[in-house]
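Student: I'm new to this one, and I'd like to know what the words used for it really mean. Can we go through them together?

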Amino acid sequence: MTELTLACWDYDRAMPVLDGSVTLNNFKLNCHIESPGVLFPLAVTEAPFDITELSFASYVIQLSRDECPYIGLPIFLSRAFRHGAIYVRKASGITSPQDLEGRVVGVPEYAMTLAVWVRGILSDEYGIDTDKLKYRTGGLNEPGRTERINLNLPSHIELEELEPSVSLNEAILDGKLDAIISPAPPQSFSDGDARVIRLIDPAGPVEREYFKRTKIFPPMHIVGIKKTIIQKYPSLPNDVYKLFLDARKIAMERVKEVAQSSANREMSPWYSEAYEYAVSIMGADYWTYGLADNSADLQAFCRYCYSQHLTSRLMSVSYTHLTLPTKRIV
């Protein structure tokens with residue numbers, strides 16, 4: 001039996017694949033559990049895995065340059081609303097998203113998927129010219145992070161790296177940053193330091209209203225298969241797509257079962273309420289794969305990548321040459 005390597009993080013919707021509860025026809029999977037911080041730089045350089053979790057932004061950028069070794073599938077291992085991903089230095093006087101224009105804003109990478117979505121939301125929802133933010137990049141709580149993909153931004157965008165020894169968290173506390181855009185909170189915020197606050201807080205009501213109006217649940221990470229592997233096994237994308245659909249179904253069923261169980265099996269005290277709230281707003285099948293339920297999300301993201309100067313052409317969503325449900329961004 002042919003062995004393929006597969007790498008992704010241990011998401012509940014991926015665990016049935018990683019633990020062998022669901023299997024791939026005619027293939028043995030050698031699974032590796034790694035965080036996105038490990039996988040994403042590898043995917044755009046060495047590309048060591050046959051099937052891997054990909055940064056959505058890196059994939060679209062590389063694809064626009066005809067540089068990507070992978071074909072992306074609409075399997076969204078990570079999705080997240082991002083209105084709550086903006087943190088500000090309280091003394092900066094920033095009290096609304098509009099106040100961000102012209103301010104110094106830290107972000108781990110300009111081209112990371114999180115940053116693309118936040119800038120898109122700031123533009124669409126609040127009318128902000130995100131080219132006017134002054135960007136500083138670096139590690140969030142540990143210094144030294146750099147862009148994983150070379151960028152070709154216009155000269156009017158101010159983008160500079162922090163000193164290699166300085167993290168974004170340190171910079172905002174020292175007054176070198178007015179705000180941070182990040183998928184995780186800076187350590188100062190996590191520690192309850194009153195000097196750093198979330199700009200849109202609480203973010204939940206705003207994010208729910210955003211979904212009701214746009215039907216967008218931002219995709220963050222996708223699954224990719226090496227082009228060289230697909231050339232050998234043309235039906236593999238369809239089988240991988242079905243594999244992760246089956247895994248997602250198992251995960252969704254467990255979420256519902258836990259939420260409706262007689263004893264609290266998760267350590268969140270309001271787990272059931274959160275599940276019921278999500279279903280009431282987004283429907284029972286709220287974590288969808290494929291194009292049918294995600295066209296608005298994908299079109300918006302392609303538009304954001306183009307308007308933010310990450311792609312030289314506007315990418316679009318289309319079918320591959322395959323006849324079954326597998327699709328990619330081209």
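This is a predicted model: local features need pLDDT of at least 70, side-chain atom pairs count only at pLDDT 80 or more; totals for chains, interfaces and linings use all residues.

Student: What makes α4 roughly perpendicular to α11?

Tutor: The axes of α4 and helix α11 (residues 295-307) are 9 Å apart, and the packing angle is about 90 degrees. Axes are lines fitted to C-alpha atoms, for helices over the stretch in contact, and angles run from 0 to 180 degrees between N-to-C directions. Under 35 degrees counts as roughly parallel, over 145 as roughly antiparallel, 65 to 115 as roughly perpendicular and the rest as oblique. So α4 and α11 are roughly perpendicular to each other. As for the names, helices (H or I, at least four residues) and strands (E, at least two) are DSSP runs, numbered from the N terminus.

Student: Which residues meet there, in α4 and in α11?

Tutor: On the α4 side you have T113, V116, W117, G120, I121 and D124, and they meet D297, A300, F301, R303, Y304 and C305 in α11. Contact means heavy atoms within 4.5 Å. By class, the contact of α4 with α11 has seven nonpolar, two polar and three charged residues. Here Ala, Val, Leu, Ile, Met, Phe, Trp, Tyr, Cys and Pro count as nonpolar, Asp, Glu, Lys and Arg as charged, and the others, Gly among them, as polar.

Student: And how do you know what to call α4 and α7?

Tutor: The axes of helix α4 (residues 113-126) and helix α7 (residues 204-214) come within 13 Å and cross at roughly 75 degrees. That makes α4 roughly perpendicular to α7. W117, I121, E125 and Y126 of α4 make the contact with V206, Y210, R213 and T214 of α7.

Student: Why are F81 and F211 called an edge-to-face pair?

Tutor: Rings of Phe, Tyr and Trp (its six-membered ring) pair if their centres lie within 6.5 Å; planes under 30 degrees apart count as stacked, over 60 as edge-to-face and the rest as tilted. The whole structure has eleven aromatic pairs. In the pair of F81 and F211, the centres are 6.2 Å apart and the planes are at 80 degrees, which is edge-to-face. This pair links distant parts of the chain: F81 is in the loop between β4 (70-79) and β5 (86-89) and F211 is in helix α7, 130 residues apart.

Student: What makes something a cavity and something else a pocket?

Tutor: On a 1 Å grid over the protein atoms alone, a cavity is a set of points where a 1.4 Å probe fits but cannot get out, while a pocket is an open set with protein on both sides within 12 Å along at least five of seven lines; lining residues have an atom within 4 Å of a point. Grid points are joined across faces, edges and corners, and a volume is the space filled by probe spheres set on the points.

Student: How many cavities of 30 Å³ or more are there, and what lines the second largest cavity?

Tutor: There are three of them. The second largest cavity has a volume of about 50 Å³, and its lining is F40, A43, V44, L54, S55, S58, Y59, Q62 and C68. By class, that lining has six nonpolar, three polar and no charged residues.

Student: Which element gives the largest share of the lining of the largest pocket?

Tutor: That's α10, with eight residues. The largest pocket has a volume of about 790 Å³, and of the 25 residues lining it, F217, A274, A278, Y286 and W287 are the closest to its centre. The lining divides into 17 nonpolar, one polar and seven charged residues.

Student: What joins D201 and P202?

Tutor: A cis peptide bond, with omega about 5 degrees. P202 lies in the loop between β10 (196-198) and α7. Most peptide bonds are trans.

Technical notes: Residues are numbered from 1 along each chain as its sequence is written. Side-chain values use heavy atoms; hydrogens and water are left out.
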